[in-house]
Amino acid sequence: MTSALGRLHVLTDADGGPRALAVVAAAVAAGAPVVQVRAKGCSDRVLHDFARAVVELCRPAGTTVLVNDRVDVALAVGADGTHLGADDLPLAAARRVAGPGHLLGGTARDPQQARQLVAEGADYLGVGPAFATTTKTGLPDPIGVAGVGAVAAAVPVPVIAISGVTAARVGELIAAGATGVAVVGAVTGAADPGAATAELLRALEDSR
Ligand SMILES: Cc1ncc(COP(=O)(O)OP(=O)(O)O)c(N)n1
Ligand SMILES: Cc1nc(C(=O)O)sc1CCOP(=O)(O)O
Ligand SMILES: [Mg+2]
């Protein structure tokens, strides 16, 4: 069975280079409950080796590891789950590949899409873009706190708000119905990723 999903998802950034692993180590040491391996533009070998290294860092701490886009890589390295967006393998197909015990998350931007993903078997939803971000290009206009809340009201699975999330914005997202948050820049771009992780965890605790 899949474990209860953590409320803070720290996403790695870009190419899975050595600094990315140092950021993961700091976030895990600070108590991040979920790390998502997100590495774009790298070879399958680089992605596999990076994802395996993340799993090796996270396992001793009991940190859940998700892999973005690639259920094959997630299974190959023993990760706990996979996150799938509109351009990735359909969630139902990923479920056939992964079987019942593998966490599958989908990206939702509105209640209808959210309900469809849950019907296909999504264990959780990443919902955004909550706010504007420079981390990822090509996004639709931000849906705002209200848009996140509309999705959270429509589905029974955990809703993880993403895009432009900072510690200061956690409270309003949780008050609107989000279960937790996902971040890239707030941790990977911080001078002290461990301290940034701890600040986000405090904001989540305060929002209970
Ligand atoms: C928690 C979470 N939510 C949303 C996303 C975005 O995933 P996706 O739509 O597949 O886009 P890319 O991340 O692949 O650019 C996510 N990764 N995690
Ligand atoms: C990976 C990703 N997916 C998004 C979506 O809305 O689908 S926004 C995003 C980037 C989030 O980075 P930051 O926390 O630095 O804003
Ligand atoms: Mg994707």
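Of the 14 residues around ligand 1, which come nearest?

Analyst: This is a predicted model, where local features need pLDDT of at least 70, side-chain atom pairs count only at pLDDT 80 or more, and totals for chains, interfaces and linings use all residues. Residues are numbered from 1 along each chain as its sequence is written, chains are lettered from A and ligands numbered from 1 in the order in which they are written, and side-chain values use heavy atoms, with hydrogens and water left out.

Arg 38, Lys 40, Asn 68, Thr 107 and Lys 136 come nearest to ligand 1. They belong to a set of 14 residues around this ligand (a residue is near if one of its heavy atoms lies within 4 Å). By class, this shell has six polar, five charged and three nonpolar residues (Asp, Glu, Lys and Arg count as charged; Ala, Val, Leu, Ile, Met, Phe, Trp, Tyr, Cys and Pro as nonpolar; the others, Gly among them, as polar).

Now the polar contacts (pairs of N or O atoms within 3.5 Å). Gln 36 has a polar side-chain atom 2.9 Å from a nitrogen atom of ligand 1. For Asp 69, a polar side-chain atom lies 2.9 Å from an oxygen atom of the ligand. His 83 places a side-chain N or O atom 3.5 Å from a nitrogen atom of ligand 1. Taken alone, ligand 1 exposes 420 Å², and the protein buries 91% of that (accessible areas come from the Shrake-Rupley method with a 1.4 Å probe).

Notes
A polar contact is a pair of N or O atoms within 3.5 Å; within protein, one must be able to donate a hydrogen and the other to accept it, and residues adjacent in sequence count only if both atoms are side-chain atoms.
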